[in-house]
Amino acid sequence: MLDVRGVTKIYGQGSAAVKALNNVSFRVNKGDFVAIMGPSGSGKSTLLNIIGGLDRPTSGEVVLDGERIDNLDENALVGIRRGKISYVFQQYHLLPSLTALENVLLPLTFCGIHGKDGKALELLKKMGLGKRAWHKPSQLSGGEQQRVAIARALVNDPLLILADEPTGNVDRKTGREILDLFCQLNNEEGRGIIMVTHNPEAAERAAEIIMLQDGQIVDRIKHGGEDRNEFIR
Amino acid sequence: MKLYQMVAKDVMRRKRRVAYAILGVVIGTMTVVAILTIAQAGQARIYGQLEKYGANLQVIPAIKSITMGLGDLSLGTVAVGENYIGQDKLPQIRQIADGEIKKALKIQTEGNIATIAPKLFISHEVKGTSVVFVGIEPEEEIKIKSWWQVKQGKYIENGKQALAGTMAAELLKLNIGDPVSLKGDEVTIAGILDETGSGDDYQIFVALSTLQKAFNKEGLITSIDIRALCNACPVEVIADAIHQNIAGVRAVAVKQVADTEMGMLEKINRFMLALAGVTLVVGGFGVANTLMTSIHERIKDIGIMRAVGASRNQIIKALIYEAIIIGVAGGILGYGVGTLLAYIIGPLIFEGTIATFVPQYFPVSLVLALFIATLATLYPAFRATQIRVADSFRSL
């Protein structure tokens with residue numbers, strides 16, 4: 001479903017140039033849960049931004065669902081963000097003026113879809129936030145905010161969820177709960193997830209770990225299905 | 001949830017920032033509204049004063065003038081002497097004046113429209129002091145000099161009565177009931193006028209026929225005041241027609257004086273509007289600056305919106321919705337504050353002016369405010385959408 005072919009990203013020019021990604025290639029199939037791991041500055045977030053069309057590679061290709069997306073113009077990328085890919089960020093990135101429910105509805109608002117409050121509320125309930133739906137982000141804990149962000153990522157029924165350090169800003173217990181949610185979405189709904197993390201415990205929950213160092217893939221570890229499912233219970 | 005609802009919630013959260021932007025818009029529109037309102041009030045006042053000139057047109061003999069005076073006081077000059085206007089020309093003058101007014105206003109009523117007040121000036125000694133006697137047709141004269149107030153006694157009712165100007169009465173020590181001799185005839189002071197601040201204060205008014213008879217000037221008058229009753233009346237046209245048709249007279253449009261004054265006002269208005277324009281531009285920059293900061297602060301929010309599927313156009317639309325909120329609020333407040341400002345400052349610029357609400361400036365204020373707010377939003381809004389989503393998160 002997702003094909004990353006020889007992606008290189010260079011920041012700056014001349015002697016100040018920094019190679020954030022160096023000829024990275026890998027493939028993710030439909031419904032896979034992949035973790036990208038590596039130390040700080042290894043290029044994880046850059047890679048995720050390029051996959052999601054938030055940033056452009058210097059060279060290489062990104063093919064999603066049979067369509068090259070690395071060279072799309074802004075308007076075409078809007079179409080990708082409205083149905084195929086959605087994001088979960090480390091900083092949650094909720095709009096402070098809107099309630100949890102309204103934040104979840106936001107992607108639909110931009111698609112011109114109205115009156116889906118029921119669906120958004122359902123998603124929030126699934127995240128255990130049924131009673132917090134009318135609270136503003138400032139009234140929610142970090143873990144709650146991250147769950148609102150996950151609900152928002154699901155409201156458009158995306159093919160692929162891109163999560164950038166989703167447990168980076170929450171305590172360990174909340175982090176586990178969030179990872180449980182991801183596993184559940186992956187197992188029960190078959191949603192594809194690519195998660196960037198530098199936390200080995202989080203990465204362990206994915207079916208496959210791509211190890212990144214200095215902008216290059218240094219290792220790929222595949223897990224069996226059983227050992228991670230036990231966490232769900 | 002609709003896009004405008006999202007914008008409204010955001011505006012409510014950032015009340016203070018939005019208030020600053022509105023303030024910028026208010027400063028611009030307020031100045032323009034205040035200046036326009038003051039100018040309007042000033043114009044109305046000058047029109048009001050125009051009314052007070054009484055006559056729009058004065059018909060005098062073609063030549064000769066003498067210096068008027070009361071004792072040693074010089075009171076300017078007035079056309080007088082052997083050159084009089086024959087009273088027989090009055091019907092013809094009336095016909096011309098009424099005819100031109102009817103033509104200009106496209107009305108076809110019978111009867112008189114213009115007020116025509118003939119006068120005879122005679123210098124004569126009273127108690128050893130030279131004073132100007134003015135023969136008037138009392139009913140016509142009071143129509144033209146609507147500001148005349150009788151301080152003591154009453155207005156002239158018949159040919160045996162006289163009306164004294166306040167200064168004339170004081171200097172000559174004339175009281176109600178005092179007789180004044182006019183060569184062979186005698187009239188009684190029936191009333192004394194309140195001060196007018198004009199030459200009238202130094203004159204004594206009697207019925208035209210009385211004066212004509214006393215001084216052997218039957219059928220002769222010195223000047224004719226014509227009042228056309230409206231600001232739009234074709235005073236110059238009437239003057240021209242009188243010139244062309246009646247020999248030996250000169251018609252002077254008093255309105256020319258007012259026109260000069262209006263011309264001055266026009267210049268002042270233009271200058272003030274230029275000033276308002278500058279204020280508007282400065283205000284506009286202020287608003288642009290506030291909005292630029294305000295939008296820059298929300299680069300991250302804009303990045304979030306784009307990450308969850310907002311197009312560039314939707315972002316610009318959302319920011320323009322905000323500009324509309326700022327513009328409408330700024331326009332309404334600018335109109336209110338501007339009118340209030342005109343009310344306070346107006347009397348300092350044009351003495352005695354009272355500025356009031358001018359409803360037609362409300363849409364002017366609103367359109368102006370919306371224009372400033374939208375214009376000031378477009379550039380930063382466009383800039384904000386050019387930033388890459390990934391960069392908008394990184395910048396914070």
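Colleague: What share of the 233 residues of chain A counts as buried?

Modeller: In this predicted model, 48% of the 233 residues of chain A count as buried. A residue receives that label if 20 or more other C-beta atoms lie within 10 Å of its own.

Colleague: Which elements does chain A contain, and how many of each?

Modeller: Chain A holds eight helices and 10 strands. Among its contacts between residues at least 6 apart in sequence, 68% join residues at least 24 apart.

Colleague: How do you know that the span of helix α11 of chain B is close to the expected one?

Modeller: Helix α11, residues 361-386 of chain B, has 26 residues. The expected span is 1.5 Å times one less than the number of residues, and here that gives 38 Å. The helix reaches 38 Å from its first C-alpha to its last, so the span is close to the expected value.

Colleague: Where does α11(B) have a kink?

Modeller: The kink, of about 30°, lies at B:L378, shortly before the proline B:P380. The bend is the angle between axes fitted to the seven residues ending there and the seven starting there.

Colleague: Which residues of α11(B) are buried?

Modeller: Among them are B:Y361, B:L368, B:I372 and B:A384.

Key. Residues are numbered from 1 along each chain as its sequence is written. Chains are lettered from A and ligands numbered from 1 in the order in which they are written. This is a predicted model: local features need pLDDT of at least 70, side-chain atom pairs count only at pLDDT 80 or more; totals for chains, interfaces and linings use all residues. Helices (H or I, at least four residues) and strands (E, at least two) are DSSP runs, numbered from the N terminus. A residue is buried if 20 or more other C-beta atoms lie within 10 Å of its own, exposed if 12 or fewer, and partly exposed in between; C-beta atoms are placed from the backbone. Two residues are in contact if their C-beta atoms, placed from the backbone, lie within 7 Å.
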